[in-house]
Amino acid sequence: MFKKLVDSLTTSLKLYKKGKQPWPEGEAGLQVRNHRQMVGGKWDEVGLLQFEFMKNQGLLPHHVLCDVACGSFRAGRFFIDYLEQGNYLGIDKQEVLIREGRAKEVSEQLWAAKQPEVIIDDKFDFSRFSKRPDFAIANSLFSHLSTADIKCCLRNLATHANPGCKFFATYILSDIPLIHLHASHSSRSFRYTPEKCCRWDVMPAGRPNISVTGTIHANR
Ligand SMILES: C[S@@+](CC[C@H](N)C(=O)[O-])C[C@H]1O[C@@H](n2cnc3c(N)ncnc32)[C@H](O)[C@@H]1O
């Protein structure tokens, strides 16, 4: 018990110190790293991993998919190609990532043919989309968010998703509860226990149409 507490405080302090000087976000971020690096690199590997994972979960071209925190379309470029016209919904808070992704990662022809709906928003306002998703994915988002922001994302998605929507989010597992003192940030690391993640599952009480059911690369 005492050892657990010490471990928890040590790791929390380590993450706090590390989080004091995160990589910059937005335009300033692009001065020091390119858009691929800003979302974590491993461009083809992690993009394809998400795409194959969602197809294995039952994603078909006629479904509507929301790519929550789509970044520069690391996976989005595969989803846009695969889904029927207008069925890809992307949301991210960093305009710069969407701009770079659109200019450098998705061809103009594909964009024109599939007409993805992409919005810049940091409050998870899914009501801005014209469609409701049947599937949603958030890769490497919850690993950078505080509990309050994760709850906001889940609540809003539960309200604006189609009944039965399947949502998959990655998160970094910790075997001990940690204290996160910083605010959410794309370059800070937030880790949660499985028990905590299970509580997110039932979080949007009364809206059983959504659950956090998958992890793609937990424990990184
Ligand atoms: C590690 S990147 C992953 C991007 C993408 N899911 C991928 O796999 O390439 C994390 C993304 O979360 C976005 N993000 C962080 N907080 C957000 C928020 N509150 N609303 C929308 N996007 C957010 C960042 O801008 C960044 O694009």
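Guide: In this predicted model, two strands count as paired if DSSP finds at least two bridges between them.

Visitor: What makes strand S2 and S3 a pair?

Guide: Strand S2 (residues 88-92) and S3 are joined by four bridges in the parallel sense. The criterion asks for at least two bridges, and therefore S2 and S3 pair. One of the residues concerned is Asp 92, whose bridge partner in S3 is Ile 120.

Visitor: In what order do the strands of the open sheet stand, and what is the sense of their pairing?

Guide: The open sheet consists of five strands, ordered S3-S2-S1-S4-S5, with parallel pairing.

Visitor: Why are strand S3 and strand S5 called edge strands?

Guide: Strand S3 (117-120) and strand S5 (166-169) each pair on one side only, and are edge strands for that reason.

Visitor: How many helices and strands does the chain have, and why is the chain called as compact as a globular protein of its length?

Guide: There are nine helices and seven strands. The radius of gyration is 17 Å, and the globule rule gives 17 Å for 220 residues; the two are close, so the chain is as compact as a globular protein of that length. Along the principal axes, the C-alpha atoms fill a box of roughly 60 × 45 × 30 Å.

Visitor: What share of the residues is buried, and what makes a residue count as such?

Guide: A residue is called buried because 20 or more other C-beta atoms lie within 10 Å of its own. Of the 220 residues in the chain, 34% are buried.

Key
Residues numbered from 1 in each chain as written. Predicted model: local features only at pLDDT ≥ 70, side-chain atom pairs only at ≥ 80, totals over all residues. Rg over C-alpha atoms; globule rule 2.2 N^0.38 Å. Buried ≥ 20, exposed ≤ 12 C-beta atoms within 10 Å, placed from the backbone.
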